[in-house]
Amino acid sequence: MKIIADTGKCVGAGQCVLTEPALFDQSEDDGTVIVLDDQPEGELVEKAREAVHVCPSQALLLQE
């Protein structure tokens with residue numbers, strides 16, 4: 001599984017970071033998503049799915 005982030009769609013809401021700070025951060029410049037670990041394993045896979053679900057701009061995608 002791979003996390004793909006579309007920074008063009010990202011509105012900087014930070015829901016991904018709140019869901020799992022081990023996987024996501026935000027740019028200090030514009031607040032857009034930074035993926036820290038694009039290939040999560042174990043319990044982080046479920047957290048990645050949750051982050052995709054709560055993203056208000058649908059800027060995150062999981063590629064299985």
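**View 1. Asp-38 and Lys-2 form a salt bridge in this predicted model.** The side chains of Asp-38 and Lys-2 meet at 3.7 Å, N to O; a salt bridge here is a side-chain nitrogen of Lys or Arg within 4 Å of a carboxyl oxygen of Asp or Glu. Asp-38 sits in the loop between strand S3 (33-35) and helix H2 (43-54), while Lys-2 belongs to strand S1 (residues 2-5), so the pair ties together parts 36 residues apart in sequence. Helices (H or I, at least four residues) and strands (E, at least two) are DSSP runs, numbered from the N terminus. Asp-38 is partly exposed at 30% relative accessible area, and Lys-2 is partly exposed at 32% (buried means under 20%, exposed over 50%, partly exposed in between; 1.4 Å probe, protein chains only).

**View 2. Glu-50 and Lys-47 pair within helix H2.** Here the salt bridge spans 4.0 Å, N to O. The two residues are 3 apart, about one turn of the helix. Glu-50 is partly exposed at 36%, as is Lys-47 at 30%.

**View 3. Glu-64 and Arg-49 make a salt bridge.** Their side chains meet at 3.3 Å, N to O. Glu-64 lies in the segment after strand S4 (60-63) and Arg-49 in helix H2, so this pair links parts 15 residues apart in sequence. Glu-64 is exposed, at 69% relative accessibility, whereas Arg-49 is partly exposed at 35%.

**Notes for all views.** Residues are numbered from 1 along each chain as its sequence is written. Local features need pLDDT of at least 70, side-chain atom pairs count only at pLDDT 80 or more, totals for chains, interfaces and linings use all residues, and side-chain values use heavy atoms, without hydrogens and water.
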